[in-house]
Amino acid sequence: MLERIPEDISPPLFYLTLKAWMGLFGSSTYSTRMLSVVFGTIAVACVYLFVYEAYRNQKDANGKRQAIFAAVTAGLLMALCPLHISWAQRIRMYSMGTALTALSSWLLFRAIHKHQTHTRDWACFTVTAILLVYTHYFGMFTLAVEYGFACGYLFLNTSEKNVSARLANLKPLLISAACVWFVWSPWIPQFLYQRSHVNQAFWSSPLTWDRFGSQLFLLFDLNLWFSNSASTGLIAAQVCFVLLAILIMGRRPADIYIAMAASLPIFSAALISKLSRSVFAHRYLQFSQIFMLIAIAVLLSRLPIKPLRLGITVLVISGMGVLAWRHTEIRERYGVLSGMQAAIARFEKTRGPREILICCNPMLYTSADAYAKHRNSIFVSGSADRYPYYQGTAVIRDGEYFSASQSLDDSVQAVWTLDAQRWFNRSWSVDMPAGWNKTGEMKFPEFYADIILRLYVRDDKPEKENKVINTKVSD
């Protein structure tokens with residue numbers, strides 16, 4: 001696994017965690033997705049803890065109640081946010097990264113709020129920071145905000161007038177940063193190797209105003225109500241900028257931190273995308289989006305009139321709940337589609353003893369393999385050098401590739417292929433060699449594509465046997 005991970009574009013921690021999880025709970029689709037559900041739940045709890053820690057004031061009862069109000073509101077907005085619900089149901093690292101972002105923010109504020117240095121608090125923050133940077137590279141933007149903010153806070157938020165005394169306050173922060181660098185440095189060669197891959201080729205299109213707006217459109221879940229519009233996304237970004245500007249007017253340290261964590265990673269990603277290969281995608285920006293939700297919760301908690309505060313808060317949370325309901329409705333609509341699971345079940349039910357299934361792409365193969373009961377009969381068409389690395393070649397072993405033109409001997413009389421239409425705005429199919437005729441096909445709609453299961457037989461197949469095989473896809 002460690003040899004193959006550098007061929008992907010992500011750090012190794014999520015894959016190692018998933019491997020351990022599968023060892024404990026099995027490799028079924030349900031159990032593997034539960035890992036992201038667990039991290040999604042942890043993220044909601046950590047958002048509450050962070051907001052409460054950031055704004056609580058033990059000497060002021062009203063301030064403490066306001067902190068609880070903001071923390072509960074932020075937790076509810078996070079729990080109902082369709083973007084986070086969606087990625088908490090997928091076997092990807094984004095839910096884990098979001099949880100670590102919220103957790104590290106909470107631990108950081110616990111550490112800097114202590115009047116005396118507490119080694120345990122700084123150690124917990126440092127460990128979480130290391131886990132974050134090993135989960136997703138966009139975590140580095142969050143860590144830059146955390147360490148930059150903490151540096152300014154520890155230097156300025158003190159009664160000491162002597163510069164050397166102020167600098168002494170930075171000691172635990174510098175030790176923490178050094179530990180993160182020391183633990184992450186062995187991975188730097190792999191990171192640079194992956195970065196060179198991305199610079200050479202990547203699936204994303206160049207960053208333009210249209211792409212910038214369309215990705216922000218998706219980031220704020222506007223696609224649940226409107227067709228994708230870059231202009232709408234840009235308007236949403238301007239609204240968020242105004243809200244963050246209003247938040248900063250509160251002039252509290254936590255206000256500044258939230259505004260930085262919500263905006264700077266997005267600006268950094270945009271800058272990098274303009275200077276080199278674009279890496280600006282809405283799912284990479286989730287770690288920043290949670291702070292936008294927190295900013296909204298904090299601003300709601302500061303509305304001066306209680307009935308107005310409660311009314312608008314209920315309205316905002318209800319609006320997010322409507323988005324969550326809309327998201328669930330769409331997923332249920334997709335859930336009744338026959339899709340990949342039905343396609344693989346059909347193949348395994350009707351295949352002959354030596355008949356195999358050849359997938360047109362590594363990304364389809366991994367899904368087919370997950371649903372298959374007999375995985376030794378499913379392969380990927382061609383060889384690894386036929387596909388770009390970002391189409392999943394890192395997880396495909398050499399023995400899982402199959403070239404129909406080279407590997408089908410005379411004893412094989414029928415072959416199945418798994419093709420796709422409407423996938424990334426094009427059609428994908430296995431190139432069968434001369435001498436093979438398609439005798440039938442079945443379509444299995446998925447939310448992202450139409451899965452096409454096709455059956456091919458040799459030209460010299462006896463007519464009687466050919467009719468029997470043809471019934472496999474026509475029943």
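Visitor: Which residues line the largest cavity?
Guide: Tyr55, Gln66, Ala67, Ala70, Arg252, Val298, Ser301 and Arg302 do. A cavity here is a set of points on a 1 Å grid over the protein atoms alone where a 1.4 Å probe fits but cannot get out, and lining residues have an atom within 4 Å of a point. Bear in mind that this is a predicted model: local features need pLDDT of at least 70, side-chain atom pairs count only at pLDDT 80 or more, and totals for chains, interfaces and linings use all residues. Residues are numbered from 1 along each chain as its sequence is written, and side-chain values use heavy atoms, with hydrogens and water left out.

Visitor: Which elements give two or more residues to that lining?
Guide: Helix H3 (61–80) and helix H14 (286–301). H3 supplies the largest share, 3 residues. Helices are DSSP runs of H or I with at least four residues, strands are E runs of at least two, and both are numbered from the N terminus.

Visitor: And what volume does the largest cavity have?
Guide: About 30 Å³, counted as the space filled by probe spheres set on the points, with grid points joined across faces, edges and corners. The search of the whole structure finds 1 cavity of 30 Å³ or more.

Visitor: OK, switching to packing. Which residues touch the most other members of the largest nonpolar core?
Guide: Phe50, Tyr257 and Ile258, out of 98 residues in that core. Such a core is a set of buried Ala, Val, Leu, Ile, Met, Phe, Trp, Tyr and Cys residues joined through side-chain atoms within 4.5 Å. Helix H5 (residues 94–113) gives the most to it, with 11 residues. There's also a second, separate core of 39 residues, with Ala368, Trp436, Ile451 and Leu453 among them.

Visitor: What does Tyr257 contact, leaving aside neighbours within four places in sequence?
Guide: Its partners are Phe50, Ser105, Leu108, Phe109, Val145, Glu146, Phe149 and Phe291. Contact means heavy atoms within 4.5 Å.

Visitor: Is Phe291 buried or exposed?
Guide: Phe291 is buried, because its relative accessible area is 1%; buried means under 20%, exposed over 50% and partly exposed in between, with a 1.4 Å probe and protein chains only. Phe291 is found in helix H14. Not counting residues up to four places away, Phe291 touches Phe50, Thr101, Ser105, Tyr257, Ile258, Ala261 and Ala262.

Visitor: Last one: how many helices and strands are there?
Guide: 19 helices and 7 strands. The C-alpha trace spans about 95 × 50 × 45 Å along its principal axes.

Terms used. 1 Å grid on protein atoms, 1.4 Å probe; cavity = no way out; pocket = protein on both sides within 12 Å on 5 of 7 lines; lining within 4 Å.
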